[in-house]
Amino acid sequence: MKRMMLSLLLMLPLPVLATPPLAPESVLQINNRFTDQNGQDFVLASRRGNTQLVAMFYTSCRYVCPLIIDSAFGVERSLSADERRKLHVLLVSLDPARDTPEALMSVVAKRHIDTRRWTLARTDDAGVRVFAALIGTRYRKLSDGDFNHTSALVLLDAEGRVLARTETLGAIPDPEFLAKVKRALQQ
Amino acid sequence: MRSVLAALLLVPVIATADDGFVRVPQGTLVSVLKYEDNLAPQNIDSFEIMRAPVTNAQFLAFVRTHPQWQRSQVSPVFAEPGRYLSHWQGPLQLGPGVLPEQPVVQVSWFAANAYCEAIGARLPVWNEWEYVAAADTLRRDARQDPAWREGVLAWYSSPSNQPLAAVAQRPANVYGVYDSHGLVWEWTQDFSAMLVSSDNRTQSDPDKAQFCGAGALSIKDKEDYAVMMRVAMLSSLQAVNSTANLGFRCAR
C-alpha cells in the first residue's frame with residue numbers, strides 16, 4: 001500500500017518545483033543575456049526573490065556614475081543591518097563595447113563593493129536598449145564614446161515590479177525614496 | 001557580341017527574392033538635430049530598410065506566432081493595456097474597420113522592437129530615418145526645396161481623424177521607399193536618445209547633473225518644422241506608449 005502511494009505520488013506533477021511565471025508587471029521577464037563582474041552569465045529572472053535597487057551606469061563615466069554608486073551606498077547606510085542584508089543592488093552598464101567583466105570588476109575593487117549583494121552587469125546593445133526603456137533611462141552615445149544619460153535609482157520588489165524611482169542623487173538619500181525602500185524591505 | 005552584352009544588361013541585377021527591404025547607399029547627413037558633440041555632417045553607412053511601414057496583416061501574422069504580443073496577453077510593462085492594438089476587433093481579428101494593407105498603429109516601442117528582432121532586423125536609428133526621409137522622388141536630399149517642405153507640412157496640418165490609407169499608395173522616393181511622410185509617424189530604435197524630454201522643455205532648473213557629460217541638443221534648421229514636430233512627438237513618448245498614428249518599419 002505504502003509503495004503504491006509512493007508511486008502514485010511520483011506520477012503527480014510537482015508544483016513545488018515548478019517556478020510560477022513572473023508577475024506580468026515584472027521588468028525581470030526579458031530574456032536578454034546578462035553577464036556579471038565575474039564573467040557569469042545570467043538572465044534577469046534569476047534575480048527574483050529579493051528587493052533590489054537597479055540603475056544604469058558605465059565604468060569610464062567620470063561625473064554622474066560615481067554619484068549613482070554613492071546614492072546606492074547612501075540608501076544602504078540609512079538602513080538597519082537587518083534591512084541592509086535584504087537589499088540587493090544591480091548596476092547595468094550602458095557601454096557594452098568597453099565594459100567587460102574585468103572593467104566591471106575594477107569598479108568593484110575601487111569602490112569596495114560587496115558582491116554578495118551587489119551585481120555589476122553588462123548585456124549586449126539590444127539588451128541595453130530594452131532594459132533602459134523598462135526602467136526609464138534615456139541615453140545617447142556621444143561621438144567620443146561617452147554617454148549622455150538620465151540617471152535614476154529604481155526600486156524593484158522581489159518580483160521585479162517597479163515600486164519607486166528617484167533622480168535625486170547623492171550620498172544623502174531622497175527621504176521619500178528611502179521610506180519606500182524601508183517599507184518594501186518589511187514585506 | 002554586342003547583342004550578348006545588351007542582353008546581359010537587360011538581366012535584372014537583383015537576384016534575391018523581394019522581402020520588402022531595399023538597400024540605401026552610404027552617404028552623409030546634415031541632421032536637423034544639432035548636438036554639441038556632433039556638429040559636422042554625419043556619415044551614414046549603407047543599410048537596408050523596409051519599403052513601407054509594417055502593415056496590420058504583417059503584424060497580425062507576428063502576434064499569431066508570438067502570442068506574448070497579443071493584446072490579451074501582453075505584459076503591461078511592454079504595452080499599455082486598453083491602447084495597444086485597441087483598434088483591432090479582437091486579439092487575432094482586424095475586424096471590418098481595419099484593413100490588412102493599412103500601416104499598423106497603436107504599437108509600443110517594445111512591440112515594434114520585438115517584431116523587427118523576430119524577422120532578423122532592428123528598428124532604424126533616427127539618423128537613418130531622417131536620411132531616407134530627406135529624399136523625394138528624384139533627389140536624395142530635397143529638404144531645401146520650399147515646395148517639398150510645403151508638401152510635407154500639408155500632411156502634418158491635415159486633420160488626423162480620417163482612416164489611414166493603405167501603405168505604398170503614393171510614389172516612392174528615390175531609394176524606393178514609401179510613406180516616409182504623409183501616412184504615419186514611426187518609432188526609431190533610439191527615440192529616447194533625443195533627450196528633449198519634458199524636463200528640458202520646462203523652465204524648472206534643467207538639472208544638469210542628470211547628464212553624464214555634455215551633448216545638449218538644439219534644432220539646426222528651424223525651417224524644418226515637419227521634422228521638429230517628429231522630434232517633439234518622439235521625445236515625449238515612453239517605450240510603452242502607443243498612439244493612433246504611430247507605426248514603424250524595420251531596418252537591417
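Of the 252 residues in chain B, 48% are buried. The model is a predicted one. Chain B contains seven helices and eight strands. Among the contacts in chain B with a separation of 6 or more, 76% are between residues 24 or more positions apart.

**A pair of helices in chain B**

Two packed helices are described by the angle between their axes and the distance between the axes. Helix α4 of chain B, residues 126–133, packs against helix α7 of chain B, residues 225–235, at an angle of about 155 degrees. The axes of these two helices are 12 Å apart. Because angles over 145 degrees count as roughly antiparallel, α4(B) is described as roughly antiparallel to α7(B). The crossing of α4(B) and α7(B) is right-handed.

From α4(B), the residues that make the contact are W126(B), W129(B) and E130(B). From α7(B), they are V227(B), R230(B), V231(B) and L234(B). Sorted by class, the contact of α4(B) with α7(B) has five nonpolar residues, two charged residues and no polar ones.

**Two glutamines in loops**

Q37(A) is located in chain A, in the loop between β1 (34–36) and β2 (41–42). Q189(B) is located in chain B, in the loop between β6 (185–186) and α6 (198–201). The table gives the relative accessible area of each residue.

| Residue | Relative accessible area |
|---|---|
| Q37(A) | 5% |
| Q189(B) | 13% |

Q37(A) is classed as buried because its relative accessible area of 5% is under 20%. Q189(B), with 13%, is likewise buried.

The side chain of Q37(A) has a polar atom that lies 3.0 Å from the backbone nitrogen of L120(A). L120(A) is also one of the residues that Q37(A) touches, when residues up to four places away in sequence are not counted.

For Q189(B), a polar atom of the side chain lies 3.3 Å from the backbone oxygen of L123(B).

Definitions and conventions: Residues numbered from 1 in each chain as written. Chains lettered and ligands numbered in written order. Predicted model: local features only at pLDDT ≥ 70, side-chain atom pairs only at ≥ 80, totals over all residues. Heavy atoms only, no water. Helix = DSSP H or I, 4+ residues; strand = E, 2+ residues; numbered from the N terminus. Buried < 20%, exposed > 50% of the residue type's maximum accessible area, 1.4 Å probe, protein only. Polar contact = N/O pair within 3.5 Å; in protein donor to acceptor, adjacent residues only side chain to side chain. Axes fitted to C-alpha atoms, helices over the stretch in contact; angles between N-to-C directions. Parallel < 35°, antiparallel > 145°, perpendicular 65-115°, else oblique. Left-handed = near helix turned anticlockwise from the far one by under 90°. Contact = heavy atoms within 4.5 Å. Nonpolar A, V, L, I, M, F, W, Y, C, P; charged D, E, K, R; others polar.
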